[in-house]
Each structure stands twice: as C-alpha cells, then as structure tokens.
Amino acid sequence: MILLEIGNTRWKLAALLEQELNFIEHGEGLDNLLRRLTDYQGQQLLFASVASDELNQQLQQGLTQLGMVFVQTQTEAAASGVINAYADYQRLGVDRWLTLLAARQRKHALTAIVDVGTAVTFDLLNSDGHHLGGWIAPGLNTMQDSLVARSQRITARIDAPAEVLGRSTEDGLYLGCQAAVQGFVKQAQVKTNEVSDLPVDWLFTGGGMHYLNTNGFINYEIRPHLVLEGLAVVAADLG
Ligand SMILES: Nc1ncnc2c1ncn2[C@@H]1O[C@H](COP(=O)(O)OP(=O)(O)O)[C@@H](O)[C@H]1O
Ligand SMILES: CC(C)(COP(=O)(O)O)[C@@H](O)C(=O)NCCC(=O)O
Ligand SMILES: [K+]
C-alpha cells in the first residue's frame, strides 16, 4: 500500500510492504505528486491531508485518473489506544493525530511530540494514551513570510546564515525566527516538566527537526517520518 501525507508545504510518500515503511520521496505541488504517482498506478493508497478541501478534491480526481484505490484518513475521537483531547475532535490536525498514533505504538510512556514544519506543533500524550493537548505556532518560513508581508523594508533568506547575530536584515530575520522556534521547544520542555515529574520521551519530526538544538533533552529521538508512521498504524487497522 502507498502512504501519502499532504502538509501545508510538502507532500511525503512512502510504500508499506509487509508492515515495513519504505520512504519514497517528498516534494511540493500537486502536479509533481501526480507525476510521481504514475509509478504506482492501480495500487491502493492511504492518505492524510491538512490542505484545503479544494486541493483534496483535485488530488482525489487525479488519483481516480491514475486508477488508484484510495482512502482518506481523518482525525478521530479515539483510535489505536489514543484518546483525542479536543472537545471538537475533528479540528485537531490529522498530521498531529497521526503522530500521536505512531507515538502510542512505540511506547506507553509520557511522550512529547514536536513537529517542526510550516507550523511548529507540540503535543503531549500520557502513558494511558490520553492526548493532553498541545500548542501551535508559525514555523520558521511562515514567521519570516509574515513579517515580509506586513512590513516595508524586510526581506528574507532561505538558507541558514553562518552567524549567531545578524549583520544584515535577512540574517537577523532568519536567526530571530529560528530563535523563536527554539524558544517554543524550550518552553514546551518547561511546561512538560511542570505537568509530570516522570521522565518524558521526546519525539521530534518535520522538515526543520534536524536544525533544532537538542541540548538539555535527555530522552529524545528524531523521527523524520512520524506522520507516515501514524498512517502505517491506520493501514494496519484497515487490514
Ligand atoms: N531550520 C529550520 N528550522 C525550522 N523550520 C524549518 C527549518 N528548515 C525548514 N523548516 C520548515 O520545514 C517546513 C517543511 O517541513 P515539512 O515537515 O515538510 O512541512 P509541512 O508538513 O508543513 O509541509 C518548511 O515550511 C520550513 O518552514
Ligand atoms: C497545525 C497545522 C497547521 C500543522 O500543519 P503543518 O505544519 O504540518 O503543515 C495542522 O495540523 C492543522 O491545520 N491543524 C488544524 C488545527 C489544529 O490542529 O488545532
Ligand atoms: K506535517
């Protein structure tokens, strides 16, 4: 079965073969995705998307044209040993939901999940499988973009400067936004330690995960494909 995650910036594709997850590729844009999927014509596909209904419809049309049998998975109130914290459970992003399902399979312990993508999110899952809730903030590029859009004299750079303090607008903006992401993660650690005295397992995922400074985190893992791992859990339940 083919697994697909549609994030706000990138799609990620994997193949599930006898319960083993094999990452294929990530990319941007629906056209590129559908072109890539021509290699998998006629296969079964399970996908999750945080994109607009319009884009999801275009995707579904494209999948039908490729002869693919597809299922779109959505956030649930409870599944696979995880209980969603939201009163309005469907509003929890399906990518966040899937990271919770993946975390629960891994270990029954207090687990903190940080996804560093278009948004930066933090979610806590306790050892009973209760999702305790979480935080959402703009990610690095989203923060840069918002200041570029809302000011007159600010421009952004894409790649990381080799400095600690910016001596240009672009460097200062990048470094400041990066510090804000890092501060979000540090504050998540402070709050988590307030919630529980127990040791906490940290799972970091998302496009920016490799750039996080993990000093001060003891039990942590970088899991690049945690959302896809969650899709594999759903796939196993589908049978
Ligand atoms: N050094 C970094 N620090 C924080 N975030 C980063 C960094 N590099 C890239 N990113 C973010 O990663 C995002 C892409 O990651 P991804 O997990 O694929 O996002 P999404 O799931 O939202 O599509 C980009 O939008 C970018 O903001
Ligand atoms: C918070 C998100 C924007 C993160 O998206 P991403 O950065 O992974 O593209 C997404 O999970 C979402 O649209 N969530 C719905 C709101 C919520 O989770 O409460
Ligand atoms: K994501």
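These questions and answers go through the domains, sheets, helix packing and ligand shells of a predicted model.

In this predicted model, local features need pLDDT of at least 70 and side-chain atom pairs count only at pLDDT 80 or more, while totals for chains, interfaces and linings use all residues. Residues are numbered from 1 along each chain as its sequence is written, and chains are lettered from A and ligands numbered from 1 in the order in which they are written.

Q: What makes domain 1 and domain 2 the parts of this chain?
A: The bounds come from an automatic or database domain assignment. Here that gives domain 1 (2-72) and domain 2 (105-140 + 169-224). Their centres, taken over C-alpha atoms, are 27 Å apart.

Q: Why is ligand 1 said to lie between the domains?
A: Look at who supplies the shell: domain 1 and domain 2 both give residues to it, so ligand 1 lies between them. A residue is near a molecule if its C-beta atom, placed from the backbone, lies within 6 Å of it. There are 16 residues around ligand 1, and Gly 7, Gly 117, Gly 207, Gly 208 and Tyr 211 come nearest. Helix H4 (140-150) and helix H5 (169-195) each supply at least two residues of that shell; helices (H or I, at least four residues) and strands (E, at least two) are DSSP runs, numbered from the N terminus.

Q: How many residues in the ligand 1 shell are polar?
A: The shell has 11 polar, four nonpolar and one charged. Ala, Val, Leu, Ile, Met, Phe, Trp, Tyr, Cys and Pro count as nonpolar, Asp, Glu, Lys and Arg as charged, and the others, Gly among them, as polar.

Q: What surrounds ligand 2?
A: The shell has 14 residues, and Asn 8, Gly 93, Gly 117, Thr 118 and Ala 119 are the closest. Helix H3 (94-106) and strand E9 (119-125) are the elements that give two or more residues to it. By class, the ligand 2 shell splits into six polar, four nonpolar and four charged. At least three residues come from each of domain 1 and domain 2.

Q: Why is H3 called roughly perpendicular to H6?
A: The axes of H3 and helix H6 (residues 226-238) cross at roughly 75 degrees and come within 7 Å. Axes are lines fitted to C-alpha atoms, for helices over the stretch in contact, and angles run from 0 to 180 degrees between N-to-C directions. Under 35 degrees counts as roughly parallel, over 145 as roughly antiparallel, 65 to 115 as roughly perpendicular and the rest as oblique. So H3 is roughly perpendicular to H6.

Q: How do you know that E1 and E4 pair?
A: Two strands pair if DSSP finds at least two bridges between them. Five bridges join strand E1 (residues 2-6) to strand E4 (residues 44-49), and the two run parallel. In that pair, Leu 3 stands opposite Leu 46 in E4.

Q: What makes the pairing in the E3-E2-E1-E4-E5 sheet mixed?
A: Strands of a sheet pair either parallel or antiparallel. E1 and strand E2 (residues 11-17) run antiparallel, joined by five bridges, whereas E4 and strand E5 (residues 69-72) run parallel over four. The sheet is open, with five strands.

Q: Why is one side of E3 and of E5 left without a neighbour?
A: Strand E3 (20-27) and E5 stand at the edges of the sheet, and each has a single partner strand, so one side of each has no neighbour there.
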